[in-house]
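Subject: Structure handover

Hello,

Here is the structure for your pocket and packing work. My notes follow it.

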Amino acid sequence: MNKIKKSLKYSFWDGIFAFMMVGFTQDYVAPYALALKATVKEIGLLSSLPNLCASFIQLKSADLVDGFSSRKRIILISVYLQALSALPLLLIPYLFKSNQALWLIFFAMLFTAFGALSQGPWASLMSEYIPSTKRGRYFGWRNRILNLVAVVCSLCAGLILQIYKHKVLFGFWIILTLALSSRFISWYFLTRMYEPKFHYHAESKFTFLDFIRRARQSNFVKFVFFVACFNFSVNLASPFFAVFMLRDLKFAYLTYTIVMIPVILTTLMFINRWGKLSDHIGNIKVLKFTAFIIASLPLFWVFGHHPVYLIFVQALGGFAWSGFNLCAVNFIFDSVTSPKRTRCHSYLNVINGLGISLGALAGGYLAAHLPQLFGYKLISLFVVSAVLRFLMMGIFISKIKEVRPQVKKIGLRGILKEMVLQ
């Protein structure tokens, strides 16, 4: 028990520095690409190809764990390589005089793939530290603090870019250097974590095709396809909100940062509440409620573009995404037994990554070919994304069943009351 408590402490510090890396990079990859003169199609490729690469590499994640008989070893190798691959990302303007956006896509593929390789083993390891009845509350508390770290780092990144707006590539060099350093420090804390003895269960091994074939019978596989199709619809539009603000609306970097930060701030405010609520009412009710809000988000961009208005839209997005993402992860923990968890999590990431990648690719194509709506082609893309999000909800969400026993019955009005009015 003492080893597990220490490992949770080291995992927390790993998370602190990992989310510092996220804060310095997550909302600034597309702006970096625009600074390197990327086209809209190249932005679409930047959002799709790294996720596609990450998807395929995770097909082998569980096999590597079985081969090494260790989840921790795979985590350490992949995180170290991810940190190392950030180095060429920050040196692109200095190493390459042409095709800089294409080099950015290539190195982003390496960076994302190495990071993805650790996700399944990390989720499996963490699930053994925390009892199922406390996971919602624990991850809600953990993510609340880590997202605060990401907010601070994202704001710092925006300030750095604003300060160096006339030498913006140097500004990106600074924030990417900070991201690289943060990931190396998070790797150090991962080395200190304890790994319970790994037991290989031959009967728990199944192929990706075996997993797909169970789509009609398995509640978990239905959930996986819902998440993937929903994220396909989301990523038709999500890579292009930054393009819309910086290119079409001509926002300054600091204005862009201020508009993006409310997503993380409202995550901080509500993620702990989502965690406590999901422990009582289950994950599926939260997923249904938050998915409806997420589906409607692109429509808000049709009706207004003032930064103050968009701050409120982003805040609503943070409120919904915090519950959706938390309960999606918890549903995986609840649905799959420990011996199968690494493999199932990896297969989920494969299918979900394909959805994200294909969505971004389709969005990049549609962004250039859709007719203008209210003066902007991207507004048309946002509307298409919203329609498809609602469609995917209608097709899938009613087919997924709650796996937690004895959950509290509550309606949508009750969820809103629990989350906002109390």
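Two helices, α11 (219-235) and α16 (338-369), each supply at least two residues of the lining of the largest pocket. Helices here are DSSP runs (H or I, at least four residues; strands are E, at least two), numbered from the N terminus. The biggest contribution to that lining comes from α11, with 3 residues.

Before the rest, the ground rules. This is a predicted model: local features need pLDDT of at least 70, side-chain atom pairs count only at pLDDT 80 or more, and totals for chains, interfaces and linings use all residues. Residues are numbered from 1 along each chain as its sequence is written, and side-chain values use heavy atoms, with hydrogens and water left out.

**Pocket**

The volume of the largest pocket is about 260 Å³. A pocket is an open set of points on a 1 Å grid over the protein atoms alone, where a 1.4 Å probe fits, with protein on both sides within 12 Å along at least five of seven lines; lining residues have an atom within 4 Å of a point. Points are joined across faces, edges and corners, and the volume is the space filled by probe spheres set on them.

The lining holds 13 residues. Nearest the centre of the pocket are Arg214, Ser218, Phe220, Lys340 and Cys344. By class, the lining has 7 nonpolar, 4 polar and 2 charged residues. Nonpolar covers Ala, Val, Leu, Ile, Met, Phe, Trp, Tyr, Cys and Pro; charged covers Asp, Glu, Lys and Arg; the others, Gly among them, are polar.

**Helix packing**

The α11 axis comes within 11 Å of that of α15 (residues 307-335), and the two cross at roughly 155°. Axes are lines fitted to C-alpha atoms, for helices over the stretch in contact, and angles run from 0 to 180 degrees between N-to-C directions. α11 and α15 are therefore roughly antiparallel. The cut-offs: under 35 degrees is roughly parallel, over 145 roughly antiparallel, 65 to 115 roughly perpendicular, and the rest oblique.

α11 passes α15 in a left-handed crossing. Left-handed means that the near helix is turned anticlockwise from the far one by less than a right angle; right-handed means clockwise. On the α11 side, the contact (heavy atoms within 4.5 Å) includes Phe220, Phe223, Phe226 and Phe230. On the α15 side, Trp321, Phe324 and Phe331 are among the residues involved. The contact of α11 with α15 has 10 nonpolar, 3 polar and no charged residues.

α15 also packs against α13 (residues 253-281), at about 35° with axes 6 Å apart. This crossing of α13 and α15 is right-handed. Its contact residues divide into 15 nonpolar, 10 polar and no charged.

Helices α1 (residues 2-25) and α7 (residues 119-129) pack at about 135°, axes 10 Å apart. They are therefore oblique to each other. Their crossing is left-handed. Ile4, Ser7, Leu8, Ser11 and Asp14 of α1 meet Trp122, Met126 and Tyr129 of α7.

**Backbone**

Most residues other than glycine have a negative phi. Asn99 has a positive phi of about 55°. Asn99 sits in the loop between α5 (71-95) and α6 (100-117). Phe374 also has a positive phi of about 55°, and lies in the loop between α16 and α17 (377-396).

Regards
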